[in-house]
2 protein chains.
Amino acid sequence: MADAFMAAAIAEAQHGLAEGGIPIGSIIVHRGEIIGRGHNRRVQQGSVVLHGEMDAFENAGRRPGAVYRECTLYTTLSPCAMCSGAILLYGIRHVIVGENQSFMGEEDLLRSRGVQVDVLQDAQCIALMDRFMHASPELWNEDIGV
Amino acid sequence: MADAFMAAAIAEAQHGLAEGGIPIGSIIVHRGEIIGRGHNRRVQQGSVVLHGEMDAFENAGRRPGAVYRECTLYTTLSPCAMCSGAILLYGIRHVIVGENQSFMGEEDLLRSRGVQVDVLQDAQCIALMDRFMHASPELWNEDIGV
């Protein structure tokens, strides 16, 4: 079951790549059902807030806090400070990360607040980012790069 | 100068209130110039990611990381985990908060990462939130309330 949800997150990342965007995707699951899907929209919408995870929250839409607190979030790449903050804000208790070799997000912060963070080091997720970071370093480094 | 920027953040909050929304506003300032303005869009756009600060980032748009790192962010209310995460992601070094009596955000986290956080306890900011929280408790408690 977990594999199917990560596959859906990867499909979102691939969708983003096909649009010319940054290949990071995310899925939010509530009681076994996908309630939000998203991928990074920096290129497509010029958005600086719609990372994959944020786009998944946005597409899940307005829900009672109790719903979010029962959700599991899948993301192809380790969540950055902003997305980790959203995970904390909405009380997500379980995050499944495709990989953290391309980028290490705020996993320690999440765990310190009681969030279970599982990292798969999925080969497909790693390959997606590796190809992208080598093909478009200026885009990858645009926002927070040195 | 600081007062004029907080006044602009308050004007954003009042704009949001006039639209039927949650009265929280934010301004991002780069070298003395406002480059982003925003207010909470939960009601207006059904957005769960566009808090005031996030909306200000979104309206500032795609900028080189070096620009964000020179910015000061003004917000009428203490920034939540998501907005604090965005502040950390974009390397904002200075945050000026209207008040933290209505809601205490992640000021300690920001300070622990080296961000200067100044809290004004501004009477106008406090009054805006106080009136709103009493008039619309169900809206205020919808997302992360108990």
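A polar contact is a pair of N or O atoms within 3.5 Å; within protein, one atom must be able to donate a hydrogen and the other to accept it, and residues adjacent in sequence count only if both atoms are side-chain atoms. Across the interface of chain B and chain A, this rule finds 18 residue pairs, both residues being at pLDDT 80 or more.

## Basis and confidence of the model

The structure is a predicted model, in which local features need pLDDT of at least 70 and side-chain atom pairs count only at pLDDT 80 or more, while totals for chains, interfaces and linings use all residues. Residues are numbered from 1 along each chain as its sequence is written, chains are lettered from A and ligands numbered from 1 in the order in which they are written, and side-chain values use heavy atoms, with hydrogens and water left out.

The model scores ipTM 0.95 and pTM 0.96. Chain A averages a pLDDT (the predictor's confidence in each residue, from 0 to 100) of 95, and 97% of its residues score at least 70.

## The interface between chains A and B

Chain B and chain A each bring 34 residues to the contact, contact meaning heavy atoms within 4.5 Å. The area buried between chain B and chain A is about 2,800 Å², and carbon and sulfur atoms give 57% of this area. Val48(B), Arg62(B) and Leu89(B) supply 25% of the area that chain B buries against chain A, more than any other three residues. Buried area is here the accessible area (1.4 Å probe) that two parts lose on being put together, summed over both.

Four salt bridges are counted between chain B and chain A, a salt bridge being a side-chain nitrogen of Lys or Arg within 4 Å of a carboxyl oxygen of Asp or Glu. One of them joins Glu106(A) to Arg113(B), with the closest N and O atoms 2.9 Å apart. On the side of chain B that touches chain A, α2 (42-45), α3, α4 (65-68) and α5 (81-89) each supply at least two residues. Helix α5(B) gives the most to this side, with six residues. The residues of this side divide into 18 nonpolar, seven polar and nine charged; Ala, Val, Leu, Ile, Met, Phe, Trp, Tyr, Cys and Pro count as nonpolar, Asp, Glu, Lys and Arg as charged, and the others, Gly among them, as polar. Helices (H or I, at least four residues) and strands (E, at least two) are DSSP runs, numbered from the N terminus.

## Helix α3 of chain B

Seven of the nine residues of α3(B) are buried, so this helix is largely enclosed by the rest of the structure. Buried means under 20% relative accessible area, exposed over 50%, and partly exposed in between (1.4 Å probe, protein chains only). The buried residues are Gly52(B), Glu53(B), Met54(B), Asp55(B), Ala56(B), Phe57(B) and Ala60(B). Just after the helix, Gly61(B) takes a positive phi of about 80°.

Asp55(B) belongs to this helix, which covers residues 52-60, and is buried at 3% relative accessibility. The side chain of Asp55(B) makes a polar contact with that of Arg41(B), at 2.9 Å. Leaving aside residues up to four places away in sequence, Asp55(B) touches Arg37(B), Gly38(B), His39(B), Arg41(B) and Leu50(B).

## Two further buried residues

Cys71(B) lies in strand β3 (residues 71-75) of chain B and counts as buried, at 2% relative accessibility. Beyond residues up to four places away in sequence, Cys71(B) touches Ile28(B), Val29(B), His30(B), Ile35(B), Ile92(B), Arg93(B) and His94(B). The C-alpha atoms of Cys71(B) and Ala60(B), eleven residues apart along the chain, are separated by 11 Å.

In chain A, Phe5(A) is placed in helix α1 (residues 2-18) and is buried at 8% relative accessibility. Its contacts, not counting residues up to four places away in sequence, are with Ile27(A), Val29(A), Gly32(A), Ile34(A) and Tyr74(A). A separation of 9.4 Å lies between the C-alpha atoms of Phe5(A) and Thr75(A), which are 70 residues apart along the chain.

## Positive phi in loops of chain B

Arg31(B) has a positive phi of about 50° although it is not a glycine. This residue is found in the loop between β1 (25-30) and β2 (33-39) of chain B, and is exposed, with a relative accessible area of 67%.

Gln121(B), also not a glycine, has a positive phi of about 45°. Gln121(B) lies in the loop between β5 (116-119) and α7 (123-135) of chain B, and is partly exposed, with a relative accessible area of 32%.
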